[in-house]
Amino acid sequence: MTRLFERAVRGEPVERFPVWMMRQAGRYLPGYRAIRAKTPFLELCRTPELAAKVTLEPIELFGMDASIVFADILLTGDAMGCEVTFPETGGPKFLDPIRTPADVDRIHAADDERTRCVAETIAILRRELPESTSLIGFSAAPFTLCAYMIEGGSSRDYLITRRFAHAHPAAFERLMGLVADALIPYLREQFEAGADVLQLFDTWGAVLEPELHRRWVIPMTRRVIDGLGADRPPVIYFGGLGGEGRLRSGVETGADALSVDWQTDLARAYATVGDQVRLQGNLDPAILLTDPKRIRARTHEMLARVPAGKAHLVNLGHGIHKDTPTENAAAFIEAAQSFVPTQEAGADARA
Ligand code: CP3
């Protein structure tokens with residue numbers, strides 16, 4: 001039996017829409033907070049039994065249709081020679097960011113000893129998850145990992161990264177290529193360990209101007225997806241915040257589905273991509289900070305904008321906020337799973 005989530009990612013007919021949430025294993029959950037009170041973030045990522053436990057908590061509480069392995073996109077940068085830390089406040093930091101073309105020489109193929117923990121967590125999860133729950137493996141997309149390695153951490157505008165791309169195009173392209181080539185075996189290893197679907201996060205993919213986006217962000221993502229080989233599992237690409245205008249180019253990555261943020265109108269997004277890819281998203285995570293009644297209503301309103309016959313992947317437009325009450329998360333999952341999609345072709349898409 002193929003699982004509901006995997007049928008939907010492949011665009012096969014579904015009786016209802018599957019749902020999961022980005023950052024579903026995280027600080028809004030009491031069990032996660034209890035474990036984190038005793039365990040530093042990186043140690044948690046690198047201890048497969050604990051990482052698996054944290055991954056399972058939301059599935060046990062809410063019964064989502066897909067589970068995403070607990071890890072972080074920055075682990076691969078660390079394994080490539082750019083050491084990362086996760087201080088308790090202020091967000092992750094690369095200790096010695098890439099600031100000059102010569103710094104790119106320090107970057108090497110990922111040391112798989114340092115990332116193997118993720119495949120090990122996946123192997124445990126595939127045994128412990130309910131048979132009907134799909135398991136998602138993930139990595140950054142090349143641009144977003146490069147942006148963190150250059151910037152050194154989170155940033156409002158990624159000015160240092162944008163300057164680097166303009167000032168040192170050859171070094172930037174070399175770094176992007178090294179990162180893309182490191183992500184391929186990392187994702188392949190997750191697939192072989194039991195991941196059913198892979199998601200590539202390009203959270204900052206939309207910050208570059210269109211010309212540079214076309215030149216690097218899309219082709220380097222495509223290089224990763226193509227590099228996974230003909231037998232690869234379905235791939236979902238999250239092309240970044242504020243990326244509504246980038247849906248057409250997202251199709252060119254070769255991904256099976258595009259994950260869209262809340263600033264994108266779903267009916268318009270479907271009109272743009274047609275039958276070329278599936279779509280995932282896109283409720284504003286801020287709605288989950290309101291109340292269950294409003295969450296149910298807004299989730300059903302959003303899903304009513306999905307054209308008839310489409311197999312939509314229900315999700316938030318970005319990660320769940322850490323202050324979300326658990327009953328509100330439950331209301332979102334329940335609303336998504338109780339929604340009855342319109343089946344007749346040609347029904348009003350309400351564009
Ligand atoms: O549940 C899941 O989604 C799986 C695990 C997961 C985490 N990070 C755990 C995490 C996933 C898929 C990610 C992806 C990730 N990590 C992204 C892409 C998605 C996005 O949010 O845009 C990015 C940009 C990162 C880098 C990162 N990791 C940042 C910027 C931060 C700090 C910001 C924050 O939200 O605190 C992290 C830390 C992090 N990664 C946490 C979690 C649960 C919080 C750490 C904690 O417990 O203190």
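Here are some friendly notes on the structure above, which is a predicted model.

1. Let us begin with strand β4, which covers residues 134-140. Seven of its seven residues are buried, so β4 is largely enclosed by the rest of the structure. Strand β1, residues 66-68, pairs with β4 in the parallel sense, and three bridges join the two. If you want a landmark for this pairing, look for I68, which stands opposite I136 in β4. Strand β5, residues 197-201, also pairs with β4 in the parallel sense, this time over five bridges. Here the landmark is G137, opposite L198 in β5.

2. **A closer look at G137.** This glycine belongs to strand β4. Is G137 buried or exposed? Its relative accessible area is 0%, so G137 is buried. Leaving out neighbours within four places in sequence, G137 is in contact with V69, I122, Q190, A195, V197, L198 and Q199.

3. **A helix with a buried side.** Next comes helix α12, residues 266-273, in which L266, A267, A269, Y270 and V273 are buried. Why do these residues lie on the same side of α12? Because they cover an arc of only 160° around the axis.

4. At the N-terminal end, the helix is capped by D265. One of the side-chain oxygens of D265 lies 3.2 Å from the backbone nitrogen of A267. After the helix comes G274, and its phi is positive, near 55°.

5. Helix α11 holds S249, which is buried with a relative accessible area of 12%. Buried means under 20% here, so a residue can have some accessible area and still belong to this class. Setting aside residues up to four places away in sequence, S249 touches H213 and I218. Strand β8 has six residues and six of them are buried, so β8 is largely enclosed by the rest of the structure. Strands β7 and β8 run parallel and are joined by three bridges, with A257 opposite R278 in β8.

6. **Backbone details worth checking.** Y158 sits in the loop between α7 (142-151) and α8 (159-167). At 0% relative accessibility, Y158 counts as buried. Then look at the peptide bond from G281 to N282, which is cis, with omega near -10°. N282 is part of strand β8.

7. **R23, in a loop.** Another positive phi in a residue other than glycine belongs to R23, where the angle is near 60°. R23 is found in the loop between α1 (4-9) and α2 (30-38). Is R23 buried or exposed? Its relative accessibility is 55%, so R23 counts as exposed. Keep this residue in mind for the last point.

8. **Around the ligand.** Which of the 21 residues around the ligand come nearest? They are R23, Y32, D72, T203 and H318. A backbone N or O atom of R23 lies 2.8 Å from an oxygen atom of the ligand. Q24 has a polar backbone atom 3.2 Å from an oxygen atom of the ligand, and for A25 the corresponding distance from a polar backbone atom to a ligand oxygen is 3.0 Å. The ligand has 870 Å² of accessible area on its own, and the protein covers 88% of that.

Conventions. Residues are numbered from 1 along each chain as its sequence is written. This is a predicted model: local features need pLDDT of at least 70, side-chain atom pairs count only at pLDDT 80 or more; totals for chains, interfaces and linings use all residues. Side-chain values use heavy atoms; hydrogens and water are left out. Buried means under 20% relative accessible area, exposed over 50%, partly exposed in between (1.4 Å probe, protein chains only). Helices (H or I, at least four residues) and strands (E, at least two) are DSSP runs, numbered from the N terminus. The arc is that of the directions from the helix axis to the C-beta atoms. A polar contact is a pair of N or O atoms within 3.5 Å; within protein, one must be able to donate a hydrogen and the other to accept it, and residues adjacent in sequence count only if both atoms are side-chain atoms. Contact means heavy atoms within 4.5 Å. Two strands pair if DSSP finds at least two bridges between them. A residue is near a molecule or strand if one of its heavy atoms lies within 4 Å of it. Accessible areas come from the Shrake-Rupley method with a 1.4 Å probe; for residues, only the protein chains shown count as cover.
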